[in-house]
Amino acid sequence: MREVAFIKQNKEKWLEFEQAIFGKAKKNPDEMASLYIHLVNDLSYAQTYYPKSKTVVYLNYLASQIYQKIYKTKRTEQNRLIYFFSTEVPLIVYQYRRYLVYAFVLFFACTAIGVISAKYDTDFVRLIMGDDYVNMTLENIEEGNPVAVYKSGSNWGGFIAITMNNLYVGLRCFLFGVFGGIGTFWIMLQNCIMLGSFQYFFYQEGVFWESVQGIWIHGSMEIFAIVIEAAAGFILGASILFPKTYSRMASFKMGFKDGLKIFLSTMPFTIAAGFLEGFVTRYSLEMPNWLNVVIILSTLAMISFYFLVFPFIVHSKMKNQLAKK
């Protein structure tokens with residue numbers, strides 16, 4: 001069947017799906033589940049015969065929206081907060097998974113720009129970090145503690161100040177997506193270039209491992225969260241630029257709501273990163289190497305699992321449950 005005929009044949013049914021999604025046609029959870037199964041069949045057909053078509057993107061979007069609708073209308077005794085983190089957010093992340101891919105590709109590309117710039121321009125790090133900060137770091141390296149900056153201030157004071165700053169950066173990263181995603185990209189570019197250039201600076205000074213111990217104990221979750229927040233910003237930007245079959249305002253509302261939920265889901269990780277930076281990082285060079293490695297890998301595994309693996313598990317589980325209805 002040609003794609004035009006396929007669309008014409010199923011157009012009315014898909015419009016019914018849209019009506020159900022936006023509440024213009026009331027459906028109970030069982031009816032929604034039935035619609036979802038039909039839509040999954042159409043999606044599978046489109047993926048097989050028109051894999052690069054916009055029809056696939058459209059049907060995948062409808063399926064994910066109906067999927068969420070079912071579990072919003074379904075009565076549950078589960079705690080709302082637990083449901084938010086265990087079901088709602090993973091489903092949203094799965095729906096927008098390609099934006100996570102975009103964000104990570106840009107993260108590595110922008111960080112590489114920082115590394116390359118620092119490698120071929122000896123003054124680049126000073127341009128990015130400032131002379132005072134670089135000179136202070138050089139003094140710390142000479143004194144045998146390259147990451148002594150993390151020992152400044154009190155534990156609680158550092159934890160609160162760092163956490164508030166990181167939450168502010170993450171919020172800006174999301175909200176600046178309203179400028180078509182360009183604002184989000186700009187914030188991401190600044191932070192990634194700073195990270196790449198500063199990390200290479202430590203490499204040049206022969207204290208790379210010491211910097212890894214000092215930065216990535218908290219950085220695994222902190223930096224990862226910023227990438228996820230950037231993805232939320234790109235979702236917001238895309239909702240304005242590419243409204244698909246919806247009005248631009250309706251698309252914006254959906255993009256803002258879904259992006260905000262993703263941002264909120266990063267907050268526990270950002271707070272945890274701030275706690276580690278305030279209470280643990282300052283002792284990184286005094287701790288055994290194995291303990292540093294365990295903390296870095298465990299925090300990285302935790303946030304990676306939640307945002308990169310768990311959404312697929314939840315989606316697969318829910319899909320199987322719906323298929324049994």
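Visitor: What percentage of the 325 residues of the chain count as buried?
Guide: This is a predicted model, in which local features need pLDDT of at least 70 and side-chain atom pairs count only at pLDDT 80 or more, while totals for chains, interfaces and linings use all residues. Residues are numbered from 1 along each chain as its sequence is written, and side-chain values use heavy atoms, with hydrogens and water left out. Buried means under 20% relative accessible area, with a 1.4 Å probe and protein chains only. Of the 325 residues of the chain, the share that counts as buried is 49%.

Visitor: How many helices does the chain have?
Guide: Helices are DSSP runs of H or I with at least four residues, strands are runs of E with at least two, and both are numbered from the N terminus. On that basis the chain has zero strands, and its count of helices is 12.

Visitor: Which residues does Met 188 touch, not counting residues up to four places away in sequence?
Guide: Contact means heavy atoms within 4.5 Å. Under that criterion, and with residues up to four places away left out, Met 188 touches Ala 103, Leu 106, Phe 107, Val 227, Ala 230 and Phe 234.

Visitor: Which side chain of opposite charge is nearest to Arg 282?
Guide: Arg 282 is found in the loop between α11 (248-279) and α12 (289-323), and the side chain of Arg 282 reaches the backbone oxygen of Gly 278 at 3.0 Å. Lys and Arg count as positive and Asp and Glu as negative, with His and the chain ends not counted, and a salt bridge is a side-chain nitrogen of Lys or Arg within 4 Å of a carboxyl oxygen of Asp or Glu. Arg 282 is buried yet has no salt bridge, and the nearest side chain of opposite charge, 8.8 Å away, is Glu 277.

Visitor: Why does Thr 299 count as buried?
Guide: Thr 299 has its place in helix α12, and a polar atom of its side chain lies 2.8 Å from the backbone oxygen of Ile 295. Thr 299 counts as buried because its relative accessibility is 7%.

Conventions:
Buried means under 20% relative accessible area, exposed over 50%, partly exposed in between (1.4 Å probe, protein chains only). A polar contact is a pair of N or O atoms within 3.5 Å; within protein, one must be able to donate a hydrogen and the other to accept it, and residues adjacent in sequence count only if both atoms are side-chain atoms.
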